[in-house]
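Me: Let's go through this one together, please, pockets to begin with.

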Amino acid sequence: MKKVFLLLLFCQVVSPVTHSLKTFFTGSTGVPNLPEFVGVVMVDEIEVVYCDSNKMRAEPKQDWMEKVIEDDPTHIDRHTKECQEDQSFFSSFIKILMQSFDQTGGEFIFHSVQLQLVYLT
């Protein structure tokens with residue numbers, strides 16, 4: 001009995017933990033006070049990186065992400081480059097959709113496209 005108790009005492013219980021990485025992209029036209037493109041990276045439902053077409057620069061949103069960037073300054077440059085490429089893609093994609101549906105003009109026409117990518121580990 002004593003051996004079983006010691007075994008249980010020193011035995012670690014392992015429980016699986018699921019983490020998530022989500023990326024949200026929104027492209028829009030004709031919406032006042034809203035950037036034409038917004039990109040957000042979230043880890044476990046917490047925003048860690050943000051960029052938009054007004055700033056065109058990725059910004060860390062958590063202290064630990066700022067530490068990652070301190071250790072590897074090229075990390076934020078990669079996010080910024082991806083943001084600029086995604087903004088260009090969404091802008092082109094919305095223009096193509098507007099032309100396809102013959103909605104290129106008009107005073108009160110708003111368009112938006114959203115994409116969400118989810119990775120679970």
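Me: What volume does the largest pocket have?
Reply: The largest pocket comes to about 180 Å³, a volume being the space filled by probe spheres set on grid points joined across faces, edges and corners. A pocket here is an open set of points on a 1 Å grid over the protein atoms alone, where a 1.4 Å probe fits and protein lies on both sides within 12 Å along at least five of seven lines; lining residues have an atom within 4 Å of a point. This is a predicted model, in which local features need pLDDT of at least 70 and side-chain atom pairs 80 or more, while totals for chains, interfaces and linings use all residues. Residues are numbered from 1 along each chain, and side-chain values use heavy atoms, without hydrogens or water.

Me: Which residues lie nearest its centre?
Reply: Of the 13 residues lining the largest pocket, those nearest its centre are Thr23, Phe25, Val41, His79 and Glu82. S1, S2, S3 and H3 each contribute at least two residues to that lining, helices (H or I, at least four residues) and strands (E, at least two) being DSSP runs numbered from the N terminus.

Me: OK, now the sheet. What is the strand order?
Reply: The five strands form an open sheet in the order S4-S3-S2-S1-S5, with antiparallel pairing (two strands pair if DSSP finds at least two bridges between them). Strand S4 (59-60) and strand S5 (111-120) are at the edges, each with a single partner strand, so one side of each has no neighbour in the sheet.

Me: And how many bridges join S1 to S5?
Reply: Ten bridges join S1 to S5, which run antiparallel, and Phe25, which is among the residues nearest the pocket centre, stands opposite Leu115 in S5. Strand S1 (residues 20-29) also pairs with strand S2 (residues 37-43), in the antiparallel sense over seven bridges, and there Thr26 has Val38 as its bridge partner in S2.

Me: Where is confidence lowest?
Reply: Confidence is lowest in helix H1 (residues 2-10), at a mean pLDDT of 46, whereas S3 has the highest, at 96; pLDDT is the predictor's confidence in each residue, from 0 to 100. The protein as a whole has a mean of 84, with 84% of its residues at 70 or more.
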